[in-house]
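Open the model in your viewer and keep the sequence panel in reach. This tour moves from one selection to the next.

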Amino acid sequence: MSSKSRSKRKPDQFDFVDKGVNDSDSSESEESVYSGLEEEPDTSEEDQEQSSNQSDNDSSDNDDDEDITLDDKSGLELSTEQRKELSTASDDELNEINDQRYTGNVKSQNRKQQKQITVKTADRPDEYDYDSSDEEDIRNTVGNIPLEWYREYPHIGYDIEGNRLLKPEKGDQLDEFLNKMDNPNYWRTVTNKMTGQNVVLSKEDLGLIQNLQSSKHPDSMAENYQPWIDFFTHEKMIHPVTNHPQHKRSFIPSKWEKLKVGQMVHALKMGWMKPTKAKTEEEEEENFYMLWKEDEESEITRRYRAHLPAPKMPLPSHAESYNPPPEYLLTKEEEEKWQNMEPEERRMNFLPQKYPSLRLVPAYKRFINERFERCLDLYLCPRKPKIRMNINPEDLIPKLPKPRDLQPFPTAQAIVYRGHSDIVRTISVDPTGQWLVSGSDDGSVRFWEVSTGRCMKSITMETGSLGNMCIRSVAWNPHPDVSLVAIAMGQTVILVNPGLGDKMVTNNTDNVLHSFSPTEEESMGKKVYADWSSIDTSDKRFENGFRLLLQHPKEVSQVTWHGRGDYFASVMPKGDSMSVLIHQLSRRRSQNPFNKSKGMVQCVLFHPVRPFLFVATQRYVRVYNLLKQELSKKLMTNCKWVSSMAVHSGGDNIIIGSYDCRLSWFDLDVSTKPYQTLRHHKRAVRAVNYHRKYPLFASASDDGTVIVCHGMVYNDLLKNPLIVPVKILKGHAISHDLGVLDCVFHPSQPWVFSCGADTTIRLFT
């Protein structure tokens, strides 16, 4: 390179030249660049001529030049005095100094224009066009310190010479908005934290940023994927790459893997290792939560937020007046009585006194005591908010339909059947509804015509061989083709053909009973639970209708028939494991369904449709499946002593009466606990019964009443039964603390029969 080209070259990336500095400064900077790095360039004659011309111009305008250089420097650098002032000055003084510097700059510029003196300055390149070090910025030399320290100062750091770098002036939001609208490069302009200057990113910088964001190589020119060299081919070559023989272990299963698998299998068997459970749909769903949830609030803040004000003291009454009415003043006797009482028992904690005027009222003696007690109440007695419920009592009563909308049901007494001389304990109606049978403590069984009330037949039991003469239970066979009545008296169950109604039915019943012949298998080697004996035609009892006798080991309290009329069950409460016996009429055999005692059995019933047996003890009702011979359900009656039981014609609902005045309705499809419990009666419930066709059920009690209720069972399983009491039937008199002992519905009409301790039977229609 020639000397001419060297003298005319522009400052390159190694020239540290500042804008606004005169030629002398630029020459000094050039010397500083070349000194120590390389040899000084040789200056030619043209260079010397230019330098001589330049020195002449400098000498001619020396004075003005000094002012210009001072003014130019004042825009960038400060004198030592100004540095001292800046270091000790406050914010207001700094603002004044900046204003003075600004006015000095304006004056120097005016002098330049007047004298039209041109100062040649070196063209300074942008500092971001080059980078000579690893530091972020070469101008600011504060080092790696937080720039937040310079937040309150007008400068942002120091340059190489130790001069302060003033912060660039920033506009307001309006200037920022105008710059955003007018400047096309605004979107790629960033601010340098070290100097506060705006830097416009180039295309290369933007490409580098996009590559970093997309997780690519920063240099877009670099190749990430080298060309594939196919060392191994699919073609089989003559000379393989490796020809060593395969190792023996590649043919034998690994011993260590076998041990590891064995350990895992053993851990699974012992339960130490459990397989990971598959996540359910609920766990896989996203769990949402309340953003402003109050439960996370601390107890202290919640307590202060829900502040409860202290209750106000009651206002003074007339007795606390200084001039109370005469009726509020105490007499001497009342004052003595008040003084003798304990302070806690006194109705008032002061004595009412009367003064002629307010200025004569002395100071209250117990003022400090009452204030102290009030303070104790405020901070020792906890306060709790009491929620008032403004509820109309009528809204709590369920809205039931009116009884007149639920007709028909029995409302009035129609017929009274008289003839027994003692308590009538049990009644039963035949399947046609034409005849009624009743059993009494006088030892007689009477057959009545329902429509007229006449006693068609009366049978008096003999007390010689049968023991106790009280009739405990009677039950008419529900089959319409069989005319039989089972009578329980003492330890004997008697099957009687009353001979009423259709003669063909009575004759067929006798023919079926006489045609029985016992087989050898049944008579050999089987335990006999009840002795079956038939009545001969020559016996006098045959004329009264006696056909079969069943002798039991204990006293029988109840007899009930199966719906088909071939089976019937008898209950012996004191029979222990033989409390319940099931008898088959066609084969004349008895069987005991239970091996162990289930408690004191009160009554049993057959399911009307399914092969189930309901057994009611004192507190529970057990439902047994006779085919599977297992316990199906156990109902919790929630009463002390069960007295009676009835099964709905559908078989899914039962009612239970108890001696503690309760009537419980059970829905077998819903729960083993009562669906509803009624306490209509004032005394013990003796009997309950369902109607076969109508949605009615009745309960008889010792209070002398029969309560008829509407009990509608819907086919819709989602709809609960409707239970509405509709009528209280009265008419029986209470005798010997006993009222109505039994009640039975007519099989086809909405009528109910009841019998009681007043020796009468009543029909309500």
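**Stop 1: charged pairs**

Select Arg151 and Glu148: both are exposed. This is a predicted model. The two residues form a salt bridge, and their closest N and O atoms lie 3.9 Å apart. Side chains of opposite charge can pair when their charged atoms come close. How many salt bridges does the structure hold? The count is nine.

Next, select Arg366, Glu370 and Glu373. Salt bridges link these three residues in a network. Look at the link between Glu373 and Arg366, where the closest N and O atoms are 3.8 Å apart. Glu373 has 39% relative accessibility, so it counts as partly exposed. Arg366, at 25% relative accessibility, also counts as partly exposed.

Now go to Arg472 and Glu555. They form a salt bridge with 3.1 Å between the closest N and O atoms. Arg472 belongs to strand 10 (residues 471-476), while Glu555 sits in the loop between strand 14 (546-551) and strand 15 (558-561), so the pair ties together parts that are 83 residues apart in sequence. Colour by accessibility here. Arg472 is partly exposed because its relative accessibility is 33%. For Glu555 the value is 35%, so this residue too counts as partly exposed.

**Stop 2**

Centre the view on Leu178, which is found in helix 7 (residues 173-182). Its relative accessibility is 41%, so Leu178 counts as partly exposed.

**Stop 3: sheet 19-20-21-22**

Return to the cartoon view. Four strands make an open sheet here, in the order 19-20-21-22, and their pairing is antiparallel. Which strands stand at the edges? They are strand 19 (603-606) and strand 22 (630-636); each has a single partner strand, so one side of each has no neighbour in the sheet. From one strand to the next, the twist averages 20°.

Zoom in on strand 20 (residues 612-616) and strand 21 (residues 620-625). They run antiparallel and are joined by five bridges. Pick Val615, then look across to strand 21: Arg622 stands opposite.

**Stop 4: sheet 23-24-25-26**

Move on along the chain. Another open sheet has four strands in the order 23-24-25-26, with antiparallel pairing. Its edge strands, strand 23 (642-647) and strand 26 (676-678), each pair on one side only. On average, neighbouring strands of this sheet are turned by 20° against each other, direction ignored.

Select strand 24 (residues 653-658) with strand 25 (residues 663-667). Five bridges join this antiparallel pair. Which residue is the bridge partner of Asn653 in strand 25? It is Asp667.

**Stop 5: Ser748**

Finish at Ser748. Find this residue in the loop between strand 31 (740-745) and strand 32 (752-756). Ser748 has a relative accessible area of 26%, so it is partly exposed. Show its surroundings. Leaving aside residues up to four places away in sequence, Ser748 touches His691, Lys693 and Tyr694.

Methods. Residues numbered from 1 in each chain as written. Predicted model: local features only at pLDDT ≥ 70, side-chain atom pairs only at ≥ 80, totals over all residues. Heavy atoms only, no water. Helix = DSSP H or I, 4+ residues; strand = E, 2+ residues; numbered from the N terminus. Buried < 20%, exposed > 50% of the residue type's maximum accessible area, 1.4 Å probe, protein only. Pairing = 2+ DSSP bridges. Axes fitted to C-alpha atoms, helices over the stretch in contact; angles between N-to-C directions. Contact = heavy atoms within 4.5 Å. Salt bridge = Lys/Arg side-chain N within 4 Å of Asp/Glu carboxyl O.
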